[in-house]
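User: I've got a model open and I'd like to walk through it. Can you help me read it?

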Amino acid sequence: MHKSISNLISIKSEVENLEKKLEIIAVAKTFPINHILPLIEFGHNHFGENKVQEALSKWTEIKIKRPNIQLHMIGKLQSNKIKHAVKLFDYIHSVENLKIAKKIYDEQNKINKRVKIFLQVNIGEEPQKAGLKIQDIDEVVNYCKNLNLDVLGFMCIPPGKTDPTIYFKKMKELNFRYNFKELSMGMSSDYLLASKYNSTFLRIGSKIFGSRN
Ligand SMILES: *Cc1c(COP(=O)(O)O)cnc(C)c1O
């Protein structure tokens, strides 16, 4: 059995006793498709990438052959890549301002598609980090509602090298306050903790596919 399969199975067994249904996004960035294929053959459907260009070359063909595959864009979105991102991805987790929301709206209308969206929050209020500022959340949520975008919930990447508990707790409260059903948080190092704070989409890379160079 390919290591990625046994890794996924053991992660699933760790989180399966929780009441809420969780999706595990296998984050495949930097890995070539032949490293990912065993997990696809195994029947796993949710995969994540953080670069549009890389995702296009890896997934365009296989997604046509395997329509069950759900592809998640989890990296920073450049404006000129949104057109391609909307075509390829089923979910976009990195919507962080009005401009990106509007561009997604425009591009998905052109091809009659409705992408599922997470609004990325800069929950640690780090100056260099992507994501919405807390004080801008209201405006962007309302804007997306007016455009009738399919916003599922919030997404975060907590500050590195610190205990993420307080950030996960804040995210859980935010999602509750806005009445969102889904929450995208938790990576290889903290997915169990994230799942205890109502995360519904865990984004797990190295714990499944091995370390990236
Ligand atoms: C790479 C990445 C992940 C997965 O990271 P691991 O630590 O390998 O699990 C999750 N979320 C985002 C936004 C990423 O860029």
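Predicted model: local features only at pLDDT ≥ 70, side-chain atom pairs only at ≥ 80, totals over all residues.

User: What span should H5 have, and what does it have?
Analyst: At 1.5 Å a residue, its 13 residues should span 18 Å. The end C-alpha atoms of H5 are 19 Å apart, which agrees. The expected span is 1.5 Å times one less than the number of residues.

User: Which residues of H5 are buried?
Analyst: Ile100, Ala101, Ile104, Glu107 and Gln108 are buried in H5. Buried means under 20% relative accessible area, exposed means over 50%, and partly exposed is in between (1.4 Å probe, protein chains only).

User: Why are they said to be on the same side of H5?
Analyst: Because they cover an arc of only 135° around the axis. The arc is that of the directions from the helix axis to the C-beta atoms.

User: What covers them, and what is on the face turned away?
Analyst: The cover includes helix H4 (82-88), E4, E5 and helix H6 (137-146). The face of H5 turned away from the buried side carries the exposed residues Lys99 and Lys110.

User: Which residue caps the N-terminal end of H5?
Analyst: Asparagine 97 does. One of its side-chain oxygens lies 3.2 Å from the backbone nitrogen of lysine 99.

User: Where is glutamate 96, and is it buried or exposed?
Analyst: Glutamate 96 sits in the loop between strand E4 (91-95) and H5. It is buried, at a relative accessible area of 13%. Its side chain reaches the backbone nitrogen of glycine 131 at 2.7 Å. Neighbours within four places in sequence aside, glutamate 96 is in contact (heavy atoms within 4.5 Å) with Lys76, Gln120, Ala130, Gly131 and Leu132.

User: Other end of H5 now. Where does lysine 113 lie?
Analyst: Lysine 113 is in the loop between helix H5 (98-110) and strand E5 (116-121). Its relative accessibility is 24%, so it counts as partly exposed.

User: What does the side chain of lysine 113 reach?
Analyst: It reaches the backbone oxygen of valine 86, at 2.7 Å. The C-alpha atoms of lysine 113 and lysine 87 are separated by 8.1 Å, and these two residues are 26 apart along the chain.

User: Switching topic. Which residues of H1 are buried?
Analyst: Ser4, Ile5, Asn7, Leu8, Ile11 and Val15 are. They cover an arc of only 160° around the axis, which puts them on the same side of H1. Their cover includes strand E1 (23-27), helix H2 (33-42), helix H8 (191-196), strand E8 (201-204) and helix H9 (206-209).

User: At what angle do H2 and H3 pack?
Analyst: H2 and helix H3 (residues 52-65) pack at about 35°, with their axes 11 Å apart. Axes are lines fitted to C-alpha atoms, for helices over the stretch in contact, and angles run from 0 to 180 degrees between N-to-C directions.

User: Which residues make the contact?
Analyst: From H2, Ile33, Ile36, Leu37 and Ile40; from H3, Lys58, Trp59 and Ile62.

User: What about asparagine 175: buried or exposed?
Analyst: Asparagine 175 is buried, with a relative accessible area of 5%. It is found in helix H7 (residues 165-177). Its side chain reaches the backbone nitrogen of phenylalanine 154 at 3.1 Å.

User: Back to phi. Where is lysine 161, and what is its phi?
Analyst: Lysine 161 lies in the loop between strand E6 (150-156) and H7. Its phi is near 60°, a positive value in a residue other than glycine. Lysine 161 is exposed, with a relative accessible area of 91%.

Terms used: Residues numbered from 1 in each chain as written. Heavy atoms only, no water. Helix = DSSP H or I, 4+ residues; strand = E, 2+ residues; numbered from the N terminus. Polar contact = N/O pair within 3.5 Å; in protein donor to acceptor, adjacent residues only side chain to side chain.
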